[in-house]
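The sequence and the model are shown here.

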Amino acid sequence: MALDKVLLGRLLQLNEPWTVRDFRFDPDARKLDAWIGVEPPRGWFARVRRQPAEGPERVWRHTDLAGWRCHVHVQAPVGADLSALPWAGTVDMPFSQALSKHVFALFNEGVPLNGICSITGIPLQELWKFKYSLDQGKTAIAAPSSQPVDLAPAGTVAPAALADDIPDLTDPVWLKLIEGQVDLDIRALSLKLLMTRLRSQLEVITDEEVRMLKLRELHRYFVKNSRMLGHELSQLRAS
């Protein structure tokens, strides 16, 4: 079955009044570009009413469709709210909401930047831009009406963490440590640098999902480096 605008709109999960105006395939690059806009309103006798004024075209990388890299070109009416649309993104970010959440999930799993680039095909420069925006508290992941995030979903705590008696990710000591309420005598230079960076980031990050990402990063560091952190861990367990 040939792909048409209606079918592509369904694959992109567009809802009225949004519609696919045009699309183009690049077989050599396995790339799909889709132009999305608002369907012109119609009046009596199916006459098209005057189209509302539109803002500039925005382009976002979206999640792949059947292995094809997908870019959406969105021209929305002036003042339209795109924040709840998975195929759209924010003005200064290169990804759609759906792709941002996918990349964020990879960050949560501890996948390094180069690994994410290999998995998604996203250029490293764009990935750095997204990560920098997260670290500076400029990009949010959690929905405004979402429930509080579970600090440790099933499967997130490595067996090594339990074997080495490292506090579980759900232990309040991690938040106290990262917020400076627990003061450790730190001998490991790498941990000093990590704590300085994480504390400065949490001063500007308000999104709950992103704050949990920073807690997981700290917890993962202790799990990975537990053998050289005996001095710090003994204090942490006593806190």
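In this predicted model, the accessible surface of the protein chain comes to about 14,000 Å², and carbon and sulfur atoms account for 54% of that area. The protein chain has 239 residues, of which 41% count as buried. When contacts between residues at least 6 apart in sequence are considered, 53% of them join residues at least 24 apart.

The secondary structure consists of 9 helices and 4 strands, and along the sequence these elements follow the pattern α-β-β-β-β-α-α-α-α-α-α-α-α.

The 4 strands form an open sheet with mixed pairing, in which their order is β1-β2-β4-β3. Because β1 and β3 stand at the edges and each has a single partner strand, one side of each is left without a neighbour in the sheet. On average, neighbouring strands of this sheet are turned by 25 degrees against each other, with direction ignored.

| Strand | Residues |
|---|---|
| β1 | residues 18-26 |
| β2 | residues 31-38 |
| β3 | residues 58-65 |

Strands of a sheet pair through backbone hydrogen bonds, and the pairing may be either parallel or antiparallel. In which sense do β1 and β2 pair, and over how many bridges? The two strands pair in the antiparallel sense, over 8 bridges.

Key. Residues are numbered from 1 along each chain as its sequence is written. This is a predicted model: local features need pLDDT of at least 70, side-chain atom pairs count only at pLDDT 80 or more; totals for chains, interfaces and linings use all residues. Side-chain values use heavy atoms; hydrogens and water are left out. Buried means under 20% relative accessible area, exposed over 50%, partly exposed in between (1.4 Å probe, protein chains only). Contact means heavy atoms within 4.5 Å. Accessible areas come from the Shrake-Rupley method with a 1.4 Å probe; for residues, only the protein chains shown count as cover. Two strands pair if DSSP finds at least two bridges between them. Axes are lines fitted to C-alpha atoms, for helices over the stretch in contact, and angles run from 0 to 180 degrees between N-to-C directions.
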